[in-house]
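Work through the exercises below with the structure open beside you. Try each task before reading its solution.

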Amino acid sequence: MSHVSNLQLEDLPGVQPHLISKLKQAGIQSILDLAVSIPNELAAGGEGGGYEGNTISADKETISELVLKAKTALADSGTLIKEFSTADQVLERRKSLVRYSTGSKNLDDFLKGGVESQAITELTGEFGSGKSQICHTLCVTAAANAKGQINSIIFIDTENTFRPERVHQIAEARGLDSEEIMKKVFVCKMINSAQLEALIRNLGKYIEEYKAKLVIVDSIISLHRAEYTGRETLAERQQRLNVILHKLIRLAEIYNVAVVLTNQVQASPDSGNDSLKAAGGNIMAHACTYRIFLRKVGRDRLAIMVDSPHHAYSQVRFTISEKGVENAQAKTAVNDGNESGW
Ligand SMILES: Nc1ncnc2c1ncn2[C@@H]1O[C@H](COP(=O)(O)OP(=O)(O)OP(=O)(O)O)[C@@H](O)[C@H]1O
Ligand SMILES: [Mg+2]
């Protein structure tokens with residue numbers, strides 16, 4: 001998609017130069033940046049809670065108009081899907097989907113081929129259920145591409161649990177070039193939610209710069225959850241989460257990248273006493289294309305598809321070893337719909 005970055009703000013018809021320089025000052029460098037912006041967010045002091053240093057002083061209508069122009073320009077150039085597409089066009093677009101292996105063939109089959117581009121895959125589960133291990137394995141398994149080159153991966157680490165040693169170990173155990181793979185994993189450690197929001201706002205630039213094919217956020221919610229405690233801040237937290245999730249969806253679609261998010265669990269008040277559900281409420285539920293719940297089962301792990309547009313509710317076993325994620329032992333590797341004890 002090299003033409004994406006060729007569209008300059010100056011190419012937009014009928015936009016005054018002073019607005020273009022305002023946009024640039026706000027960190028919007030290209031038509032693509034503008035197209036994925038949220039008008040409320042850009043308008044200084046807008047309801048969306050303008051972000052300092054990233055807002056422009058113009059009224060909301062003007063900004064909405066600019067964003068719309070950018071979207072139209074991208075749609076005309078074939079980069080962004082038009083508001084309406086026919087089913088056959090959607091099918092054609094889905095053919096450009098790429099899938100990345102999780103490291104376990106069974107888990108890949110369960111996901112109909114692996115972690116998918118143009119989509120958000122959410123991994124939820126209790127501590128130690130294997131969320132971060134899947135992320136580390138993906139750094140290695142998603143690295144190989146058809147042309148024999150190594151794909152770049154962006155790893156956003158909010159829990160300080162990214163371990164380069166582990167990526168190295170997984171690559172070595174799989175007989176891959178660990179040194180080269182390690183050079184293609186771009187890690188960014190986040191320490192607060194404002195930093196995460198700012199990074200995701202500018203993520204398009206980094207995806208282009210690093211030619212990333214997969215974006216991992218481990219975890220998407222921990223910083224917001226830790227900072228926005230109390231009931232009175234819940235609405236704001238959810239709104240902020242919504243903004244970054246929508247940005248991620250649009251980036252996934254525009255750049256044909258796969259987005260993998262980990263999420264935490266919370267007690268589910270409406271079901272049994274020990275039942276857990278993914279945190280983040282409806283906002284997370286709506287934003288994620290695939291929702292996978294992970295559970296420990298003895299030494300193995302169970303992945304359960306919670307929400308998917310075209311996967312039946314099902315589950316599969318996998319295990320975690322020196323190689324990262326891999327198939328569970330043969331006797332338990334079958335996709336066992338009658339699994340008991342959970
Ligand atoms: N090198 C390794 N070899 C085998 N198993 C490993 C290895 N490293 C980690 N594990 C397994 O992975 C588990 C940790 O899983 P992981 O870190 O993915 O959990 P998580 O779901 O991310 O939890 P949290 O919510 O705490 O972030 C360990 O308990 C261990 O069982
Ligand atoms: Mg983890």
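**Exercise 1. Cavities**

How many cavities of 30 Å³ or more does the structure hold?

Solution. 

Step 1. The model is a predicted one. A search of it gives three cavities of 30 Å³ or more.

Step 2. Take the largest cavity, which holds about 170 Å³ of space. Its lining consists of 15 residues, and those closest to its centre are Ile28, Ser37, Arg201, Asn202 and Lys247. Two or more lining residues come from each of the elements α3 (39–42) and α11 (203–210).

Step 3. Sort the lining of the largest cavity by class: five residues are nonpolar, five are polar and five are charged.

Step 4. Turn to the second largest cavity, with about 60 Å³ of space. It is lined by 13 residues, of which Thr102, Leu111, Leu123, Ile134 and Ile292 are the closest to its centre. The elements β3 (119–125), α7 (131–141) and β10 (290–297) each give two or more residues to this lining.

Step 5. Sort the lining of the second largest cavity as well: eleven residues are nonpolar, two are polar and none is charged.

**Exercise 2. Salt bridges**

How many salt bridges does a search of the whole structure find?

Solution. 

Step 1. The search of the whole structure finds ten salt bridges. Side chains of opposite charge can pair when their charged atoms come close. The cut-off used here is a nitrogen within 4 Å of a carboxyl oxygen.

Step 2. Lys24 and Glu10 form a salt bridge, and their closest N and O atoms are 2.7 Å apart. This pair links distant parts of the chain, 14 residues apart: Lys24 belongs to helix α1 (residues 17–25), while Glu10 lies in the segment before α1. Lys24 is partly exposed at a relative accessible area of 30%, and Glu10 is partly exposed at 46%.

Step 3. Lys105 and Asp109 also meet in a salt bridge, at 3.0 Å from N to O. Both residues are in helix α6 (residues 105–110); because they are four residues apart there, about one helical turn separates them. Exposed means over 50% relative accessible area, so Lys105, at 51%, counts as exposed. Asp109, at 42%, counts as partly exposed.

Step 4. In the salt bridge between Glu180 and Lys183, the closest N and O atoms are 3.3 Å apart. Glu180 is partly exposed, with 32% relative accessible area, whereas Lys183 is exposed at 54%.

Step 5. Arg94, Arg99 and Glu116 are joined into one network by salt bridges that share partners.

**Exercise 3. Nonpolar cores**

Which residues touch the most other members of the largest nonpolar core?

Solution. 

Step 1. The largest nonpolar core has 54 residues, and the ones that touch the most other members are Leu34, Ile156, Ile207, Ile220 and Leu261.

Step 2. Follow Ile207 as an example. Leaving out residues up to four places away in sequence, Ile207 touches Ile154, Ala212, Val215, Leu251, Tyr255 and Val257.

Step 3. There is also a second, separate core of 34 residues, including Val115, Ala142, Ala143 and Ile153.

Terms used:
Residues are numbered from 1 along each chain as its sequence is written. Chains are lettered from A and ligands numbered from 1 in the order in which they are written. This is a predicted model: local features need pLDDT of at least 70, side-chain atom pairs count only at pLDDT 80 or more; totals for chains, interfaces and linings use all residues. Side-chain values use heavy atoms; hydrogens and water are left out. A nonpolar core is a set of buried Ala, Val, Leu, Ile, Met, Phe, Trp, Tyr and Cys residues joined through side-chain atoms within 4.5 Å. Buried means under 20% relative accessible area, exposed over 50%, partly exposed in between (1.4 Å probe, protein chains only). Contact means heavy atoms within 4.5 Å. A salt bridge is a side-chain nitrogen of Lys or Arg within 4 Å of a carboxyl oxygen of Asp or Glu. On a 1 Å grid over the protein atoms alone, a cavity is a set of points where a 1.4 Å probe fits but cannot get out, and a pocket is an open set with protein on both sides within 12 Å along at least five of seven lines; lining residues have an atom within 4 Å of a point. Grid points are joined across faces, edges and corners, and a volume is the space filled by probe spheres set on the points. Ala, Val, Leu, Ile, Met, Phe, Trp, Tyr, Cys and Pro count as nonpolar, Asp, Glu, Lys and Arg as charged, and the others, Gly among them, as polar.
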